[in-house]
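The sequence and structure come first.

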Amino acid sequence: MKAVIYKGPRRIAVEEVPDPVIQAPTDAIVRITTTNICGSDLHMYEGRTTVEEGKVLGHENMGVVEAVGDAVDRIKVGDRVSVPFNIACGACRNCLDGWTSFCLRTNPTEGVDGAAYGYANMGPYDGGQAEYLRVPYADVNLLELPPGTEHENDFTMLSDIFPTGWHGTELAGMRAGDRVAVFGAGPVGLLAAHSAMIRGAAQVFVVDKEKDRLDLAGKIGATPVDFARADPVEQIMYATGGRGADCGVEAVGYQAHDGTGQEHPELVLDNLVKSVRSTGGIGVVGVYVPQDPQAATDAARQGRIGFDYGTFFTKGQRMGTGQCPVMRYNRRLRDLIITGRAQPSFLVSHELSLDEAPDGYERFDRRESGWTKVLLHPAAA
Ligand SMILES: NC(=O)c1ccc[n+]([C@@H]2O[C@H](COP(=O)([O-])OP(=O)(O)OC[C@H]3O[C@@H](n4cnc5c(N)ncnc54)[C@H](O)[C@@H]3O)[C@@H](O)[C@H]2O)c1
Ligand SMILES: [Zn+2]
Ligand SMILES: [Zn+2]
């Protein structure tokens, strides 16, 4: 089959690799109909992770079940499914507590709980930017979708970024009537804003400097805040009469930068601490890493981010972090899509074949205007 392979910093290729096969009786093989490029893939693409060369990328996958192992009895061949990016066993303590993103059994990497497809440090699993994908513990992991092709571009957001955006608002302790500050207008930030709105936010600020992304935020009813034009904290304080937002979501991650493009990994955390009111919650779904060999400072190279902890403590704020446990939310978010209450496909800008992936990566990585979310359709390759 064809697959997207990581070959080194800013080098990926579409190559012929062996088809995946059932390795355990609990496995399924999914024929991929849609697989997305994620902002998380860019950390690998830019050489900012320890991902090994030769890895098949892709953790945002959906498709149709092609084969199942002997022990799979809930999921059937022919089912249309969404594949959560987390690979969970369903039976360990964290999985049973609903924290499938920290499964204790699926990642053999020393000191790391939680596994994913096609990702640095997340276990030996190939990704789904390919024609087929092997899914471990298929009965546990796969989410059934209505058959056919309806809502394909909405359902494809269920594997990661719609649940992740929702999780950001959940970690922030958001309540109906809150004013919510979302930092980052990438796909995750925009779906955090969409989630906050569905959950009854009074107002949602979305902070970024990319004009096309801020325009999208405005289109879905959020208040765009351009951080390159003026201090985003001052803009949010002014708009809330000096009170600050009730809670905030971090959807940027460790490659946060200022208006000139200079990286400051602590910048968004500091801005959230300043712009969220005392006792407010902050949900950090943007990724921070324990090692970043390319970071600007010694401390940051070891994952030590010096944010304004003193003010954070003094304001009695709370912070929640980490990878999203997709399965906690994906069933309900699927049903919001089916009933028309949610439409996360609003951010799709490009639909490409697998062969066009290298070009898609390059342009999405440059945050080229108009490249907000790229979907790959392997079947069309
Ligand atoms: N926790 C999870 O489960 C999970 C899942 C998916 C993605 N992520 C992470 O979420 C983050 C966002 O993902 P994405 O796909 O939207 O990525 P993205 O790179 O497309 O978007 C990030 C946005 O942040 C903006 N930005 C940079 N510096 C900023 C600043 N100082 N203030 C405000 N905005 C700033 C950028 O201009 C960009 O538009 C990434 O770190 C990604 O790895 C986490
Ligand atoms: Zn993703
Ligand atoms: Zn588990």
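Two strands count as paired if DSSP finds at least two bridges between them. The model is a predicted one. In it, strand E4 (residues 60-68) and strand E5 (residues 80-83) pair in the antiparallel sense, over four bridges. Within this pair, Gly-63 stands opposite Val-81 of E5.

E4 also pairs with strand E3 (residues 28-37), again in the antiparallel sense. Eight bridges join E3 and E4, and Thr-35 faces Asn-61 of E4 across the pair.

## Overall build

The chain holds 13 helices and 17 strands. Its radius of gyration is 20 Å, close to the 21 Å that the globule rule gives for 381 residues, so the chain is as compact as a globular protein of that length. The C-alpha trace spans about 60 × 45 × 40 Å along its principal axes.

The chain is divided into domain 1, made of 2-160 + 325-380, and domain 2, made of 161-321. Taken over C-alpha atoms, the centres of domain 1 and domain 2 are separated by 25 Å.

Contact between the domains involves 25 residues of domain 1 and 23 residues of domain 2. On the side of domain 1 that touches domain 2, the elements that give two or more residues are H1 and helix H12 (330-338). By class, the residues of that side divide into 11 nonpolar, nine polar and five charged.

## The parallel sheet

Six strands form an open sheet with parallel pairing, in the order E12-E11-E10-E13-E14-E15. Strand E12 (223-226) and strand E15 (318-321) stand at the edges; each has a single partner strand, so one side of each is left without a neighbour in the sheet. From one strand to the next, the twist averages 20°.

Ile-282 stands opposite Met-319 of E15. Helix H9 lies across strand E10 (179-183), strand E13 (245-250) and E14. The angle at which H9 runs to E13 is about 170°.

Which residues come nearest to ligand 1? Of the 33 residues around the ligand, these are Gly-39, Ser-40, Gly-186, Val-188 and Gly-253. The elements giving two or more residues to this shell are helix H1 (39-45), helix H5 (161-171), helix H6 (187-198), strand E11 (203-208) and helix H9 (267-275). H1 gives the most, with four residues.

By class, the shell around ligand 1 has 17 nonpolar, 11 polar and five charged residues. Why does ligand 1 lie between domain 1 and domain 2? Both domains give residues to the shell around ligand 1, so the ligand lies between them.

Conventions. Residues are numbered from 1 along each chain as its sequence is written. Chains are lettered from A and ligands numbered from 1 in the order in which they are written. This is a predicted model: local features need pLDDT of at least 70, side-chain atom pairs count only at pLDDT 80 or more; totals for chains, interfaces and linings use all residues. A residue is near a molecule or strand if its C-beta atom, placed from the backbone, lies within 6 Å of it. Ala, Val, Leu, Ile, Met, Phe, Trp, Tyr, Cys and Pro count as nonpolar, Asp, Glu, Lys and Arg as charged, and the others, Gly among them, as polar. Domain bounds come from an automatic or database domain assignment. Axes are lines fitted to C-alpha atoms, for helices over the stretch in contact, and angles run from 0 to 180 degrees between N-to-C directions. Two residues are in contact if their C-beta atoms, placed from the backbone, lie within 7 Å. The radius of gyration is taken over C-alpha atoms; the globule rule is 2.2 Å times the number of residues to the power 0.38.
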